[in-house]
Amino acid sequence: MSFVNTVLGAIPVEELGFVAIHEHIGYGMPGSELDTKWWKSPEVRYEETVPKLRKFREYAGGAATFVDATGICNGRDIPYYQSLSEKTGVHIVACTGFVGGDTALAHFARASVEYLTEVFLHEITVGITGTNAKAGIIKVGVSRGGRMTELDKRIYRAAARAAVQTGVPVMTHLAIDAEPAIAIFQEEGLDLDRVLFGHVDDGVNHAQTPTARILEVGGRLGFDTFGYETELPDPPFWARPRKERMDHFLRELGAGHEAKLLASADANCSPLGWPGVKGHTINYIFEVLIPDLKRNGVADDVIHRLFHDHAHDFLAAKPAK
Ligand SMILES: [Zn+2]
């Protein structure tokens with residue numbers, strides 16, 4: 001049987017239920033937690049977060065899993081996640097790794113590949129920041145500017161090594177400049193099916209993201225910014241027209257890549273150090289995305305597989321043979 005690490009312990013993959021593969025309990029730039037302007041009391045954070053998670057579980061109609069894509073240094077808070085999971089019954093999968101080299105604090109930014117590998121391995125096999133909660137996935141990403149920096153590459157290589165040793169999958173923030181990433185994963189012997197190349201659908205980067213190449217080497221595509229659309233009252237810079245994103249997704253689905261596609265909303269339950277995007281929550285998946293998929297003729301069993309089977313297959317730890 002395959003298991004997945006959640007913040008409350010490892011559970012059999014079948015118990016994950018509905019999976020939102022790329023979400024945030026609260027994401028902020030390093031240091032935002034020290035800024036009085038943005039500091040929130042624990043009560044306020046719970047108040048903003050618990051109803052969204054309860055609703056998510058209600059919509060899922062049973063087991064529901066929230067994959068928190070907030071890496072080290074961006075507001076990841078394990079005891080808080082554990083308490084949220086206990087309160088709401090939502091499984092929360094925490095990640096090790098970094099959103100990008102440019103959000104890694106100096107302590108990590110100066111570290112070697114070997115040191116970073118040890119950090120990731122410890123968080124996956126022993127626990128995160130003094131807790132016994134283990135990471136279920138590794139986050140890596142491309143720094144602002146759209147080219148992989150030397151530090152990004154060190155983090156990708158450490159992630160690949162930790163993934164090969166533990167079987168835990170890797171998810172990326174952005175998939176532009178994919179060639180260096182693909183080369184590192186291949187050099188380290190990581191099966192590309194274990195990598196979810198994220199944000200292939202976002203409004204800024206989608207045109208430069210080499211999706212055909214990623215599929216050719218066996219990678220998975222994360223359409224994980226659903227809901228950041230130009231139709232919002234105050235859309236963020238990475239927004240995209242709703243129909244354009246949907247058409248993009250339907251093209252990949254229609255081309256036979258269903259098993260390589262995962263979808264999510266990349267929403268923040270309670271943003272840290274920024275106001276967040278008004279009107280966008282994880283529940284966009286149920287309130288807008290799934291009805292939109294149905295309206296476009298995507299069958300119920302396909303939708304089920306996207307949010308259950310394919311997500312389970314990706315998350316299930318698969319140590320290299
Ligand atoms: Zn994200």
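Student: Leaving aside its neighbours within four places in sequence, which residues is D266 in contact with?

Tutor: In this predicted model, the contacts of D266 beyond four places in sequence are H22, E23, D224 and T225. D266 itself sits in the loop between β10 (261-263) and α9 (284-295).

Student: How do you know whether D266 is buried or exposed?

Tutor: A residue is buried if 20 or more other C-beta atoms lie within 10 Å of its own. D266 has 27 such atoms, so D266 is buried.

Student: What does UniProt annotate at H22, H24, K139 and D266?

Tutor: The unreviewed UniProt entry gives these four residues the annotation "binding site".

Student: What makes them gather at one spot, when they span 245 residues in sequence?

Tutor: No two of their C-alpha atoms are more than 13.6 Å apart, so the residues gather at one spot despite that span in sequence.

Student: Where is H22 found, and how do you know whether H22 is buried or exposed?

Tutor: H22 belongs to strand β3 (residues 18-23). The cut-off for a buried residue is 20 or more C-beta neighbours within 10 Å; H22 has 29, and therefore counts as buried. Beyond four places in sequence, the contacts of H22 include M171, D224 and D266.

Student: Why is K139 called buried?

Tutor: There are 29 other C-beta atoms within 10 Å of K139. The cut-off is 20 or more, so K139 is buried. K139 is part of strand β6 (residues 137-141), and among its contacts beyond four places in sequence are A69, C95, M171 and H173. The unreviewed UniProt entry also places the feature "modified residue: N6-carboxylysine" at K139.

Student: In what order do the eight strands of the open sheet lie, and what is their pairing?

Tutor: The order is β3-β4-β5-β6-β7-β8-β9-β10, with parallel pairing.

Student: Why are β3 and β10 called edge strands?

Tutor: Two strands pair if DSSP finds at least two bridges between them. β3 and β10 each pair on one side only, so they are the edge strands.

Student: How do you know that strand β7 and strand β8 pair?

Tutor: At least two bridges are needed for a pair. Two bridges join strand β7 (residues 170-173) to strand β8 (residues 195-197), so the two strands pair, and they run parallel. M171 has L196 as its bridge partner in β8.

Key. Residues numbered from 1 in each chain as written. Predicted model: local features only at pLDDT ≥ 70, side-chain atom pairs only at ≥ 80, totals over all residues. UniProt positions renumbered as here; feature names shortened; annotations may be inferred. Helix = DSSP H or I, 4+ residues; strand = E, 2+ residues; numbered from the N terminus. Buried ≥ 20, exposed ≤ 12 C-beta atoms within 10 Å, placed from the backbone. Contact = placed C-beta atoms within 7 Å.
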